[in-house]
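I set out to record, entry by entry, what I looked up in one protein structure.

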Amino acid sequence: PGTLLVGIAQRNLQHALLVEIYQELEERNVLDRLSVLRLSFSSKAHPVFGGEEGMIHEKPLTLLVDIQKDGQNHLHPLVQSFGARQLAAHPSLRREAHEQALQYYRLQVSKQGKAPAQACCEMAYHLLELDRPREALEALADHSRGIVSFGYGRILLGLTHRIEATDWMKKGDDAGEEARALHDLALIYTRLPIVDIADNHLKAIRYCGRTLTYYEEAEDPLGHASALNVQGMACSGLPIGDPRRNIHRAFESYRQALAIYQQYELPNGQAMVHNNMGTAWMELSALGGEWCIGRAVGHFKQAVRLYKEGVDTFTRALVESNLGHALCLLGRVEEGMTHFQDALEHFRQDIWPLEYANTQKHMGDAHRLISSGKRSSRLIQAMEYYALASAIYEEEIFPESFAQTQHYLGVAHRQLALYEDSRKHQILAIKCYRNALRVYTEEGFPFNHQVVKNNLDRDMRNE
């Protein structure tokens, strides 16, 4: 008890000292404004908020700020609390602080990597605090790929829900503005790798329906084509209902979108739809139609041809990865691996981690499915690729990708049991299947659940 009382007394003394230092500071207004930042910040934030760069490295400010080795700064929790109270009491100062935060984060979003992905989420947050939801939505839609790639899908989902709840979304004063907003929301929902993927895709389909009605009445064919393409992605990725019917609904949307882009001679639009149609054929092939892979290759090659000029490197790399996957599944491994290497030149782990992992998983799939005299070595190589992908596919962040990789890793272990220690690989296969079933629930992913459950039951019987 005596030691406890001494500790409490020391903390109270430290608290009183920090309060006194804070109240006497000339730079107190700068710290108050910095308190709107939810993340750590660099010294470049100081001048944006009215201070001098490097000011935090001088005493007594060093007592109020935690300076880390990477140069990032954290305000002491007490200072954060003091600043929040000050800003709450002075709305004009609070608004100015959010404007300054917006300026700080805008300096970062033009780059690539983890920091810009975080910065975009924070930029959207401060735009919402400034009651500018349309700008927040545009920022999130434009940068949603990077945000998702670095595992900030749940933050993106929370911000999206917040935008949907704003008065701006409920008013519906401007039909055109509402259609563009619904299109952006649908696009974000098709990219979210969250377990509620069924709800996300159903919401995207609903939003696309309303958007298509507007663009049809407004006689805006290009807006119509873009919404059709997003609707196709939402239908193709819907994990509930009849999967074949969902994919065929996607094809209907893609064909209509492609016809419009061809009519207006827009190669990038055509290539985007060809890539999505190729992806849909690949999904259909997983349901038992291996002949569909050839159709997928045709669409991916069309996309590569159309993307040769005037396209962003991300999209080109995405198509190269998809084409490599399809070619490998057709047994054209050397040709497919060339496309994977082209994709990985852009999909570096530090810039596009999710896409890097997807490409590694595709290479694992290809080696697992190749039939040759060296099947055992191919399976070991497949596991190495799956391991690289699994290092990024955290269950809580990328649940569906995690489950799919665990399932295929289980299949690889079962196949390897034919060549090596069968008992060891059977146990590992069962473990992988169980990992996959934590995500592939009967309610959320009925088709995937049944496939994995069948594999688990068979291996359990053979154990």
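The entries below go from the whole chain to single residues.

**Entry 1: Basis.** I noted that this is a predicted model, in which local features need pLDDT of at least 70 and side-chain atom pairs count only at pLDDT 80 or more, while totals for chains, interfaces and linings use all residues. Residues are numbered from 1 along each chain as its sequence is written, and side-chain values use heavy atoms, with hydrogens and water left out.

**Entry 2: The whole chain.** I looked up the secondary structure and found 22 helices and two strands. Of the 463 residues in the protein, 52% are buried; buried stands for under 20% relative accessible area, exposed for over 50%, and partly exposed for what is in between (1.4 Å probe, protein chains only). The accessible surface comes to about 22,300 Å², and carbon and sulfur atoms account for 50% of that area. Such areas come from the Shrake-Rupley method with a 1.4 Å probe, and for residues only the protein chains shown count as cover. I then turned to contacts, meaning heavy atoms within 4.5 Å. Among those between residues at least 6 apart in sequence, 62% join residues at least 24 apart.

**Entry 3: Nonpolar cores.** A nonpolar core is a set of buried Ala, Val, Leu, Ile, Met, Phe, Trp, Tyr and Cys residues joined through side-chain atoms within 4.5 Å. In soluble globular proteins, nonpolar side chains tend to be buried together. I found that the largest core here has 130 residues, and that L34, L37, F49, Y104, L140 and F251 have the most contacts inside it. Helix α6 gives the most to this core, with nine residues. Another core, of eight residues, lies apart from the largest one and includes L379, A382, A412 and C432.

**Entry 4: N229.** I looked up N229, which lies in helix α12 (residues 221-236). N229 counts as buried because its relative accessibility is 3%. Its side chain is joined to that of N276 by a polar contact of 2.8 Å. The term covers a pair of N or O atoms within 3.5 Å; within protein, one must be able to donate a hydrogen and the other to accept it, and residues adjacent in sequence count only if both atoms are side-chain atoms. Not counting residues up to four places away in sequence, N229 touches Y254, A257, M272, V273 and N276.

**Entry 5: Salt bridges.** I took a salt bridge to be a side-chain nitrogen of Lys or Arg within 4 Å of a carboxyl oxygen of Asp or Glu. The structure holds 22 of them. One joins E129 and R94, with N to O at 2.4 Å. This pair links distant parts of the chain, with E129 in helix α6 (residues 114-129) and R94 in helix α5 (residues 91-106), 35 residues apart. R94 is partly exposed, at 30% relative accessible area.

A further bridge joins R348 and D350 at 2.7 Å, N to O. R348 is partly exposed at 41%, and D350 is partly exposed at 46%.

I also recorded K453 and D457, whose closest N and O atoms are 3.2 Å apart. Because K453 and D457 are four residues apart in helix α22 (residues 446-462), about one helical turn separates them. K453 is partly exposed at 29% relative accessibility, and D457 is partly exposed at 27%. Elsewhere, salt bridges that share partners join R134, E138, E177, R180 and D184 into one network.

**Entry 6: Loops and backbone.** Most residues other than glycine have a negative phi, and most peptide bonds are trans. I noted a positive phi, near 60 degrees, for D131. D131 lies in the loop between α6 and α7 (133-149) and counts as exposed, at 62% relative accessibility. E265 also has a positive phi, near 50 degrees. E265 is placed in the loop between α13 and α14 and is exposed at 66%.

**Entry 7: A surface patch.** L222, Y264 and L266 make a nonpolar surface patch of about 240 Å². Patches are made of residues with over 30% relative accessible area and no salt bridge; like charges are joined within 9 Å, and nonpolar side chains (Val, Leu, Ile, Met, Phe, Trp, Tyr) within 5 Å. Y264 is in the loop between α13 (243-263) and α14 (267-285), and is partly exposed at 40%.
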